[in-house]
Amino acid sequence: MDNKQFIHKLLSDPSDPQLQSETDGECSASIHNIQKQDYRVRNALEVPVPPELLTRLLDQQRRLEAQDRQPSWFSEYWKAGIAASVAFAIGLSFSVLQTPAQQDLAQYALAHVRSEMPMVEKMLMPQPLDGVNAKLAAYDLKLNDFPESIMFAKFCDFNGTKSLHLVMKTSLGFVTIFVVPADAKLDFVEQFSDPRYAGTSLKLRTANVVVVSDVPAELSRMPALVKEKLTYSI
Amino acid sequence: MVNAQVLSFREPKNVRYQRLILVYHTDLYRFAYWLCRDSDLAQDLVQDTYERAWKSLDALEDLNAAKGWLFTILRRENARRFDKKQFKYEDTELDEIMDDELAGPEQDFSDAQVREAISALPDEYREPLLMQVLGGFVSDEIAEQLELNINTVNTRLFRARAYLRRFFIAGKGD
């Protein structure tokens, strides 16, 4: 085996046990180095797999099997089911939203912030923009840049619809943003408030964006900023 | 790659599918994690991958190709989410690779250094390296999945490893 063949075989499958027997001493050093490096790289990259992933996949299988057995109209009921399981998987329990009387964006957004903000504040950490954009891509949206720190970005259940929950930390406090699919069965309400929080909803082509905060100064500028920075990814 | 006992066409679809979940979800999650470096997103990618796999499972004609098929679905889903362009640039051919670069002095490095180096690796080098080191694919399988010729894949695998070695030596990449 000449040098070119050796390199080709080595790069093609460094773990091939036959390599060692077909080469001389100098080539053995290359094999040893590359195998050792790969072994260390593999060990370092074997991150723990979240145990809830398997549960999610098996739940999804049950849903898909049921969908295949049912007429198409039945699948609408399963969409609510899988969204609920996603919310459960990320640790958000939000029983207050199960109340059937709450049927508009404002009520859901306010109830969600009141219920979740104390827990969310303990989970804040800077979120890279490309990771946030990967989640926004589910709504065909992206942020080209954003001047405020995004400290929380997780999918959540919004009346049975998978929505994105973002939290920005500004110099004055926190601003919560929900990205809710345009086809969510929730009435659009542009301006709303409760004794503590207030909010503004924006209607985009692919989603409704709800901005909520208890800092009036942020509410006066953030909706326009979000509208300016959010663009369509498709 | 795949043990033929993992799947059998004689088994019902739901049994075959569940085997694919049990056998490959760990590899797929880790591959997804190192592509996007976000646990929530990696889980979503794996879930979306398996949802697409369910819809197309009957079209999977070669059971031994199941793992590569799942990796390909995941890569495409990741590219769609990140709106990534296909890699388009010239690679030098394998002839230019010097064997002595592979036989250099041994390096020692920590898990944290490896993770930092992998994160810093350009996508076009990280992806084939992850497929080989984590996925266990040989370069002709990677070439098929990435729709590249095998010399290009080998060149990228070489460069990825050389980049890591330089990173470990210098404490950072080029």
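Two residues are in contact if their C-beta atoms, placed from the backbone, lie within 7 Å. In the predicted model examined here, residues 24 or more positions apart account for 53% of the contacts in chain A with a separation of 6 or more. Chain A contains eight helices and eight strands. Of the 234 residues in chain A, 34% are buried.

A sheet of chain A was considered next. Six strands of chain A form an open sheet in the order β2-β3-β4-β7-β6-β5, with antiparallel pairing.

The strands β2(A) and β3(A) run antiparallel and are joined by nine bridges, and A:Ile150 stands opposite A:Met168 of β3(A). These two strands form a hairpin with two residues between them, and A:Asn159 in the turn has a positive phi of about 55 degrees. Strand β3(A), residues 161-169, also pairs with β4(A), residues 174-181, in the antiparallel sense over six bridges. Here the bridge partner of A:Met168 in β4(A) is A:Val175, while A:Lys169 stands opposite A:Phe174 of β4(A). The hairpin of β3(A) and β4(A) has four residues between the strands, and A:Gly173 in this hairpin takes a positive phi near 155 degrees. Because seven of its nine residues are buried, β3(A) is largely enclosed by the rest of the structure.

Helix α6 of chain A, residues 105-120, lies across β2, β3, β4, β5, β6 (198-203) and β7 (207-213) of chain A. The helix α6(A) runs at about 55 degrees to β7(A).

The interface between the two chains was then examined. In total, 47 residues of chain B are in contact with 42 residues of chain A. On the side of chain B that touches chain A, two or more residues are given by each of α1 (13-36), α2 (39-56), α3 (66-82), α4 (99-102), α5 (111-120), α7 and α8 of chain B. The most is given by α1(B), with 11 residues. By class, this side of chain B has 24 nonpolar, 10 polar and 13 charged residues.

The crossing of α4(A) past α1(B) is right-handed. On α4(A), the contact is made by A:Leu53, A:Leu54, A:Leu57, A:Leu58, A:Gln61 and A:Glu65, and on α1(B) by B:Asn14, B:Tyr17, B:Gln18, B:Ile21, B:His25 and B:Tyr29. The residues of this contact divide into seven nonpolar, four polar and one charged.

Within chain B, the axes of α7(B), residues 139-146, and α8(B), residues 150-170, come within 9 Å and cross at roughly 110 degrees, which makes α7(B) roughly perpendicular to α8(B). From α7(B), B:Ser139, B:Asp140, B:Ile142, B:Ala143 and B:Leu146 meet B:Ile150, B:Val153, B:Asn154 and B:Leu157 of α8(B). The residues of the contact between α7(B) and α8(B) comprise six nonpolar, two polar and one charged.

Notes. Residues are numbered from 1 along each chain as its sequence is written. Chains are lettered from A and ligands numbered from 1 in the order in which they are written. This is a predicted model: local features need pLDDT of at least 70, side-chain atom pairs count only at pLDDT 80 or more; totals for chains, interfaces and linings use all residues. Axes are lines fitted to C-alpha atoms, for helices over the stretch in contact, and angles run from 0 to 180 degrees between N-to-C directions. Angles under 35 degrees count as roughly parallel, over 145 as roughly antiparallel, 65 to 115 as roughly perpendicular and the rest as oblique. Ala, Val, Leu, Ile, Met, Phe, Trp, Tyr, Cys and Pro count as nonpolar, Asp, Glu, Lys and Arg as charged, and the others, Gly among them, as polar. A crossing is left-handed if the near helix is turned anticlockwise from the far one by less than a right angle, and right-handed if clockwise. Two strands pair if DSSP finds at least two bridges between them. A residue is buried if 20 or more other C-beta atoms lie within 10 Å of its own, exposed if 12 or fewer, and partly exposed in between; C-beta atoms are placed from the backbone.
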